[in-house]
Amino acid sequence: AAGRFEDAIAVFRRMGEYKVVPDVAAYNNLIRHLGLNRLADEAEVLHKEMGEHGLVADEETCVLLMEACFKADRIDDGISYFNRMAELELKPDASRYHRIVDGLVGLSLLDKAHEYFDQMREKEIHPSTATYETLLKAYVGVGATRLDDAAKVAKCILLDENVVFSDVMRELLEGALRGEGREDDMAKLYEDVERE
């Protein structure tokens, strides 16, 4: 909290002297704080030490390292941490998929974000409302060139019984379509959903 990260790491490493053995959650906590402060290199050193102490990274560790790399503008490294979960036979859930989608959208990598959205659905992991809304807002935010993608996301929301297409999202999409003279697209979308 005081921003004294070198001291925090030093104290963390001395826990064993007090017969306190750090577990994965303890490592994740420190990795989270380092990542939030753009100290990805330091977070990776701790991750390596985890393995040296016989601890296996969990889904949260991988996502925290991914987020740390994203903050440090090391996008490919961040993506590789997320992808590494498959090698470790870890199964990220909807909340962890949301974090990569949200992170990639924040980096303006919409197509890459959509790849993970599709991957999630292929694995029959139901996207959260937040994931749908993140993508929908991003596509609408880009403008006319991505409104078809926004409509496809809206269709996914309408076909997913686990989430609700909020009035705010509906109005956002309708307003964007109206602005491009495409008012009829919304009615067509509802018809398609009804037919399916």
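## A first look at a helical model

Ala26 lies in helix α2, which covers residues 24-36; helices here are DSSP runs (H or I, at least four residues), numbered from the N terminus. Ala26 is partly exposed, with a relative accessible area of 22%; on this scale, buried means under 20%, exposed over 50% and partly exposed in between, using a 1.4 Å probe and protein chains only.

Some ground rules before we go on. This is a predicted model, in which local features need pLDDT of at least 70 and side-chain atom pairs count only at pLDDT 80 or more, while totals for chains, interfaces and linings use all residues. Residues are numbered from 1 along each chain as its sequence is written, and side-chain values use heavy atoms, with hydrogens and water left out.

**Helices α4 and α5**

- The axes of α4 and α5 are 7 Å apart, and the two helices pack at an angle of about 170 degrees; axes are lines fitted to C-alpha atoms, for helices over the stretch in contact, and angles run from 0 to 180 degrees between N-to-C directions.
- The pair is therefore roughly antiparallel, since angles over 145 degrees get that name, under 35 roughly parallel, 65 to 115 roughly perpendicular and the rest oblique.
- On the α4 side, the contact (heavy atoms within 4.5 Å) is made by Glu59, Cys62, Val63, Leu65, Met66, Cys69 and Phe70.
- Facing them from α5 are Ile75, Asp77, Gly78, Ile79, Tyr81, Phe82 and Met85.
- By class, this contact has 11 nonpolar, 1 polar and 2 charged residues; Ala, Val, Leu, Ile, Met, Phe, Trp, Tyr, Cys and Pro count as nonpolar, Asp, Glu, Lys and Arg as charged, and the others, Gly among them, as polar.

**Helices α10 and α11**

- Helix α10 (residues 167-179) and helix α11 (residues 184-195) have axes that come within 8 Å and cross at roughly 130 degrees.
- That angle makes α10 oblique to α11.
- Arg170, Leu173, Glu174 and Leu177 of α10 meet Asp185, Met186, Leu189 and Tyr190 of α11.
- This contact has 5 nonpolar, no polar and 3 charged residues.

**The nonpolar core**

- The largest nonpolar core has 57 residues, of which Phe82, Ile100, Tyr116, Leu135, Leu136 and Leu173 touch the most other members; such a core is a set of buried Ala, Val, Leu, Ile, Met, Phe, Trp, Tyr and Cys residues joined through side-chain atoms within 4.5 Å.
- Helix α4 (residues 59-71) gives the most to this core, with 7 residues.
- Leaving aside neighbours within four places in sequence, Leu136 is in contact with Ala150, Val153, Ala154, Ile157, Phe165 and Met169.

**Cysteines**

- The model has 0 disulfides, a disulfide being a pair of cysteine sulfur atoms within 2.5 Å.
- Cys62 is in no disulfide, and the nearest cysteine sulfur, that of Cys69, is 11 Å away.
- Cys62 is buried at 3% relative accessible area, and Cys156 is buried at 15%.

**Two loop residues with positive phi**

- Asp73 sits in the loop between α4 and α5 (75-87) and is exposed, with a relative accessible area of 63%.
- Asp73 is not a glycine, yet its phi is positive, at about 60 degrees.
- Glu124 is in the loop between α7 (110-122) and α8 (129-142) and counts as exposed at 70% relative accessibility.
- Phi of Glu124 is also positive, near 60 degrees, in a residue other than glycine.
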